[in-house]
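Good morning, and thank you for coming. I shall take you through one model, element by element; please keep the display open while I speak.

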Amino acid sequence: MRQKGIALIQVLLLSTILTVMLLSMHHQARQHLKLAQAVRDYTSANMALQSAEAEILFTMLSTQPALMHQREGLQQWNFHGQPFEFNGVELQVQDTSGLLNAASPPEFLLTRFTERYASSAALGRQLSSALADWQDKDDLPRLDGAEQQDYADGFIRNAPIQYIEEWLFVKGVTPELFQRIRPLLTLFPQGVNLNQQPDALWQLSLDDTAYKELHLAREKGQLTSQLYETVTGRVVDEFDRFSTGPGYRINFTVQNGDVRLSREMTFRLMPYQKQPFDIYEYRMRTPPTDIMNAVSLN
């Protein structure tokens, strides 16, 4: 009787071990299937991004920006950073001449920015001085500025900034503040296009009444240089232009299954030149949407 009990226990133990092994194999099989699906989704999304890039560049090279709204399928295009969909791709197209020069943004706009988002106008003046000190060649700090003695953990550049993220090293710039101002900055301004400034920049430079009127006119496709001058009192000339191009920053995003791929490209269009465009910046962004994608795609 005792031997039968031992045999029964052995059988139960063996059954338990086999069950655990089968469950483990089943889990591994499901993980492999999920990984295979993630790889397939990633490959498809990446191919869609490549196609989108070629199609977008061709569209912009073959159609004048001012005439895009007259062409079927392009009515939703804009060049001030408002998201729209184009052939299944989420786009944000920003004329870089509508952005702030990352190397030397106007102090009054920095002041208004920090007053709005950090409740401190003084911080804007400090950032302006610190940014100038970061780039000049001397070691003499400006009023409210910062030179090498104010940076214990690193060295300041003492030359023009090379990339926008360099702002994060400048005294007074927090990651939260940088994330808010980063979409308004560019290293390739190429003048000022007043009509292509993003809404967030208009809100800093215009009073509420002017902003609302111009925003509504732009949404309806009725914004003109005459209306802008009338509403703002600002003269449109060869320096403060009312045009589009030639530099653009495009963010385009493709969603395929659980995979979401984003790419950012900054370039200058020259459609009548032998070299029709110059790419200034090219960034691939792959934000993971779940733990499997975080493991398998990055």
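Let me begin with one side chain: is H215 buried, partly exposed or exposed? The model is a predicted one, in which local features need pLDDT of at least 70 and side-chain atom pairs count only at pLDDT 80 or more, whereas totals for chains, interfaces and linings use all residues. Residues are numbered from 1 along each chain as its sequence is written, and side-chain values use heavy atoms, with hydrogens and water left out.

The answer for H215 is partly exposed, because its relative accessible area is 24%. On this scale buried means under 20% relative accessible area, exposed means over 50%, and partly exposed is in between, with a 1.4 Å probe and protein chains only. H215 belongs to helix α6. Helices are DSSP runs of H or I with at least four residues, strands are runs of E with at least two, and both are numbered from the N terminus. Once neighbours within four places in sequence are left aside, H215 is in contact with D199 and W202; contact means heavy atoms within 4.5 Å. The C-alpha atom of H215 is 32 Å from that of P276, which is 61 residues away along the chain.

Y211 is also placed in helix α6. With a relative accessibility of 13%, Y211 counts as buried.

R218 lies over the face of W202, at 3.7 Å from the ring centre. The criterion for a charge over a ring is that NZ of Lys or CZ of Arg is within 6 Å of the ring centre and within 35 degrees of the ring normal.

How does α6 pack against α7? Helix α6, residues 208-219, and helix α7, residues 225-232, meet at an angle of about 170°, and their axes are 10 Å apart. Axes here are lines fitted to C-alpha atoms, for helices over the stretch in contact, and angles run from 0 to 180 degrees between N-to-C directions. The two helices are therefore roughly antiparallel to each other. The classes are roughly parallel under 35 degrees, roughly antiparallel over 145, roughly perpendicular from 65 to 115, and oblique for the rest. From α6, the residues A210, E213, L214 and A217 meet L227, Y228, V231 and T232 of α7. By class, this contact has 6 nonpolar, 1 polar and 1 charged residues. Ala, Val, Leu, Ile, Met, Phe, Trp, Tyr, Cys and Pro count as nonpolar, Asp, Glu, Lys and Arg as charged, and the others, Gly among them, as polar.

I turn to the aromatic residues. How many aromatic pairs does the structure hold? There are 9. Rings of Phe, Tyr and Trp (its six-membered ring) pair if their centres lie within 6.5 Å; planes under 30 degrees apart are stacked, those over 60 edge-to-face, and the rest tilted. W77 and F86 form an edge-to-face pair, at 5.3 Å centre to centre and 80° between the planes. Both W77 and F86 are buried. The pair of W134 and Y151 is edge-to-face as well, since its ring centres are 5.4 Å apart and its planes are at 65°. This pair links distant parts of the chain: W134 is in helix α3 (residues 121-135), and Y151, 17 residues away, is in the loop between α3 and α4 (175-181). W134 and Y151 are both buried. Ring pairs also join W77, F79, F84, F86, Y248 and F267 into a cluster.

Next, helix α2. Its buried residues include L109, L110, T111, F113 and T114. Among the elements that cover the buried residues of α2 are β3 (100-101), α3, α4 and α5 (199-205). Just after α2, S119 takes a positive phi of about 55°. S119 sits in the loop between α2 (107-117) and α3, and S119 is exposed, with a relative accessible area of 69%.

I close with two backbone details. Q190, in the loop between β4 (185-186) and β5 (192-193), has a positive phi near 50° although it is not glycine. The peptide bond from G245 to P246 is cis, with omega near 5°, and P246 is in the loop between β6 (240-241) and β7 (247-256).
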